[in-house]
Amino acid sequence: MKILVTGGTGYIGSHTVVELFSAGYDVIAVDDFSNSDPKILDQIEKITGKKPAFKQLDLCNEQEVIAFAKENQDIDGIIHFAASKAVGESVQNPLKYYRNNFYGLINILTAFNSKIKLVFSSSCTVYGQPDTLPVNENAPVKKAESPYGNTKQIAEEILQETCAVSPDLNVIVLRYFNPVGAHKSALIGELPIGVPQNLVPFITQSAIGKRGPITVFGDDYNTPDGSAVRDYIHVVDLAKAHVSAIKRLEKGDTANYEVFNVGTGKGSSVLEIINAFETSTGEKLNYTIGARREGDVEQTYGDVKLSNEVLGWKAELDLNEMMSSAWNWEKYLKDNPF
Ligand code: UD1
């Protein structure tokens, strides 16, 4: 089985390439390096002993994607990560988000004639603030808080509607909760551009002295300690969920459009994450309490029964491993800047 990984040098993409190799798949990766670094390919080789076949490709260029598909007719499945993902930037520059996130997906479906097995990266953001927790896959999709969130909702609709008229298109949509952490080798991890907007990269950069104190966005939520609650999942567990999704598509006896939550099922507050980081690394963090961040939901965590039962996948790594691996990666980056 040969799998195309779009966004293969990105944060989740690179970890997934590693897990695909260890599960015995052939991999071809594409990326435009807009939010990643070519050196990640060498890092993957250091971990696995194998370098994925690779092409630098702008997925928004329809002709290039069609030519790529013609040259690579042995591709059996696609994991489509390549997309823009910064919530704040999407508010400032919505067209960038609608262009990148839709053109890429549509060009792939077009180039492969809607005859392909495809795993799509979606997000728990589609649920907004869920009415009941843990939130399961049947919960209503709420009006998106940002253009980024909107691209995920509409991309799901594009896939569902295309599947309805394409018997040879098989799609699994994975709705991720909050991916954090890094590979245990500390050779790959997240490479945020500029000031990290996400909690864990901000924590690791603050701890290493690259940033000032952390601001906890709100301590007046209706949660046990007042700070907002999320379902943090180790990026390696998330990567493995993609391998399980590919295996399910390979078996071929599935409905042609399926949706799964990918999380741990457990909610943790911002203050609990700060505490978990301090406990698992021995580093002391400086933080202050600030105002709520616009657009943030109070709490969300996933019902992961369906992915556990149907995909045969379960998150295995705990907060301790999430925090210590994220910290080891930050320390590696200090000595080996990209
Ligand atoms: C957001 C998006 C999610 C997207 C993810 C990665 C929403 C609802 N969620 O997740 O779809 O996949 O980013 O781009 O749009 N926090 C602080 N201080 C900080 C940073 C964060 O207190 O300096 C808090 C936030 O308020 C939040 C939690 O930490 O409660 C997690 O924030 P973050 O890592 O940014 O992820 P989400 O906002 O949950």
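Me: What makes helix 5 and helix 6 roughly parallel to each other?

Reply: In this predicted model, the axes of helix 5 (residues 94-111) and helix 6 (residues 147-164) cross at roughly 20°. Angles under 35 degrees count as roughly parallel, so helix 5 and helix 6 are roughly parallel to each other. Their axes come within 9 Å, and the crossing is right-handed.

Me: Which residues make the contact between helix 5 and helix 6?

Reply: On helix 5, they include Pro94, Tyr97, Tyr98, Asn101, Phe102 and Leu105. On helix 6, Tyr148, Thr151, Ile154, Ala155, Ile158 and Thr162 are among them.

Me: Why does Gln43 count as buried?

Reply: The relative accessibility of Gln43 is 5%. Buried means under 20%, so Gln43 counts as buried. Leaving aside neighbours within four places in sequence, Gln43 is in contact with Leu187, Ile188, Tyr332 and Phe338. Gln43 lies in helix 2, where Ile40, Leu41 and Ile44 are buried as well.

Me: How do you know that these buried residues are on the same side of helix 2?

Reply: Ile40, Leu41, Gln43 and Ile44 of helix 2 (residues 39-48) are buried. They cover an arc of only 160° around the axis, which puts them on the same side of helix 2. An α-helix has 3.6 residues a turn, so residues three or four places apart point the same way. The buried residues of helix 2 pack against helix 1 (11-22), strand 3 (53-56) and helix 11 (319-335). After helix 2 comes Gly49, with a positive phi near 80°.

Me: What makes strand 3 and strand 11 edge strands of the sheet?

Reply: The open sheet has seven strands in the order 3-2-1-4-5-6-11, with parallel pairing. Strand 3 and strand 11 (257-262) each have a single partner strand, so one side of each is left without a neighbour in the sheet. On average, neighbouring strands of this sheet are turned by 20° against each other, direction ignored.

Me: How do you know that strand 1 and strand 2 pair?

Reply: Two strands pair if there are at least two bridges between them. Strand 1 (residues 2-6) and strand 2 (residues 26-31) have five bridges, in the parallel sense. Leu4 has Ile28 of strand 2 as its bridge partner. Helix 1 packs on the sheet, touching strand 1, strand 2, strand 4 (77-80) and strand 6 (169-176), and the direction of helix 1 makes about 170° with that of strand 1.

Me: Why are Ser114 and Ala186 called buried?

Reply: Ser114 has a relative accessible area of 16% and Ala186 one of 9%. The limit for buried is under 20%, so Ser114 is buried and Ala186 counts as buried. Ser114 is in the loop between helix 5 and strand 5, whereas Ala186 is in the loop between strand 7 (178-180) and helix 7 (199-207). Neither is a glycine, yet phi is positive: near 50° for Ser114 and about 60° for Ala186.

Me: What is omega of the cis peptide bond that joins Leu133 and Pro134?

Reply: Omega of that bond is about -5°. Pro134 is in the loop between strand 5 (116-123) and helix 6.

Note on methods. Residues are numbered from 1 along each chain as its sequence is written. This is a predicted model: local features need pLDDT of at least 70, side-chain atom pairs count only at pLDDT 80 or more; totals for chains, interfaces and linings use all residues. Side-chain values use heavy atoms; hydrogens and water are left out. Buried means under 20% relative accessible area, exposed over 50%, partly exposed in between (1.4 Å probe, protein chains only). Helices (H or I, at least four residues) and strands (E, at least two) are DSSP runs, numbered from the N terminus. The arc is that of the directions from the helix axis to the C-beta atoms. Contact means heavy atoms within 4.5 Å. Axes are lines fitted to C-alpha atoms, for helices over the stretch in contact, and angles run from 0 to 180 degrees between N-to-C directions. Angles under 35 degrees count as roughly parallel, over 145 as roughly antiparallel, 65 to 115 as roughly perpendicular and the rest as oblique. A crossing is left-handed if the near helix is turned anticlockwise from the far one by less than a right angle, and right-handed if clockwise.
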